[in-house]
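Take a walk through this fold, one step at a time. Keep the sequence and the 3D view side by side.

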Amino acid sequence: IASSVAVELGYGSSGSSARAGEQDVIFSYHPAITTISPSGGHIITDRQSVTFHGLGFSGEPMRCVFEDATFVPATIRSDTELECNVPIVSTPRIASLALVNDRSQTVGGRQYTYKYNSLTSDIHPASGPTTGSTPVVLVGVGFTGA
């Protein structure tokens, strides 16, 4: 993000000063991330997105960087919020997550956790009394951390 302002330059000695002219000075700062939401999702799922909250998102194009390799264009909602589609992966992992602007300024330090989709393949017993209290066993994958 950059802003241009006119700055008056001067010089002086012994309490006197004189105007030397104006010079445009450009001030810029890095975008900053405060939070992301959600911080994870399931693998092999399309149309997931992650929302970044922070400062300095408007004014220039931004991209999300997953695992230092996959660049995804960001949709800037405001100076404090932007959104990126999450790349689809086939195995669970914790991916590093960062933002980069067109001046190659990067801000990161966040992680996105890909989890297995929960999938039940069998239930034991298949039926029981209507009074309840029968222990049930679910067989499948992806129950931990789901």
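**A buried residue, a sheet and a ring cluster**

Glu60 is buried, because its relative accessible area is 13% and the cut-off for buried is under 20%. Keep in mind that this is a predicted model. Glu60 sits in the loop between strand E5 (49–55) and strand E6 (62–66). Now look along the chain to Arg103, 43 residues away from Glu60. The C-alpha atoms of Glu60 and Arg103 are separated by 9.2 Å.

Next comes a sheet. Strands of a sheet pair through backbone hydrogen bonds, and the pairing is either parallel or antiparallel. Here, four strands form an open sheet in the order E3-E5-E9-E8, and their pairing is antiparallel. Strand E3 (32–37) and strand E8 (75–78) are the edge strands, each pairing on one side only. On average, neighbouring strands of this sheet are turned by 25 degrees against each other, direction ignored. Zoom in on E3 and E5. They run antiparallel and are joined by five bridges. Thr35 has His53 in E5 as its bridge partner.

Now turn to the aromatic rings. A ring pair is described by the distance of the centres and the angle of the planes. The structure has two aromatic pairs. The ring centres of Phe66 and Tyr112 are 6.2 Å apart and their planes stand at 85 degrees, so this pair is edge-to-face. This pair links distant parts of the chain: Phe66 lies in strand E6 and Tyr112 in strand E11 (residues 106–115), 46 residues apart. Tyr112 also forms an edge-to-face pair with Tyr114, at 5.1 Å centre to centre and 75 degrees between the planes. Phe66 and Tyr112 are buried, and Tyr114 is buried too. Together, ring pairs link Phe66, Tyr112 and Tyr114 into a cluster.

Conventions. Residues numbered from 1 in each chain as written. Predicted model: local features only at pLDDT ≥ 70, side-chain atom pairs only at ≥ 80, totals over all residues. Heavy atoms only, no water. Helix = DSSP H or I, 4+ residues; strand = E, 2+ residues; numbered from the N terminus. Buried < 20%, exposed > 50% of the residue type's maximum accessible area, 1.4 Å probe, protein only. Pairing = 2+ DSSP bridges. Axes fitted to C-alpha atoms, helices over the stretch in contact; angles between N-to-C directions. Phe/Tyr/Trp six-rings, centres within 6.5 Å; stacked < 30°, edge-to-face > 60°.
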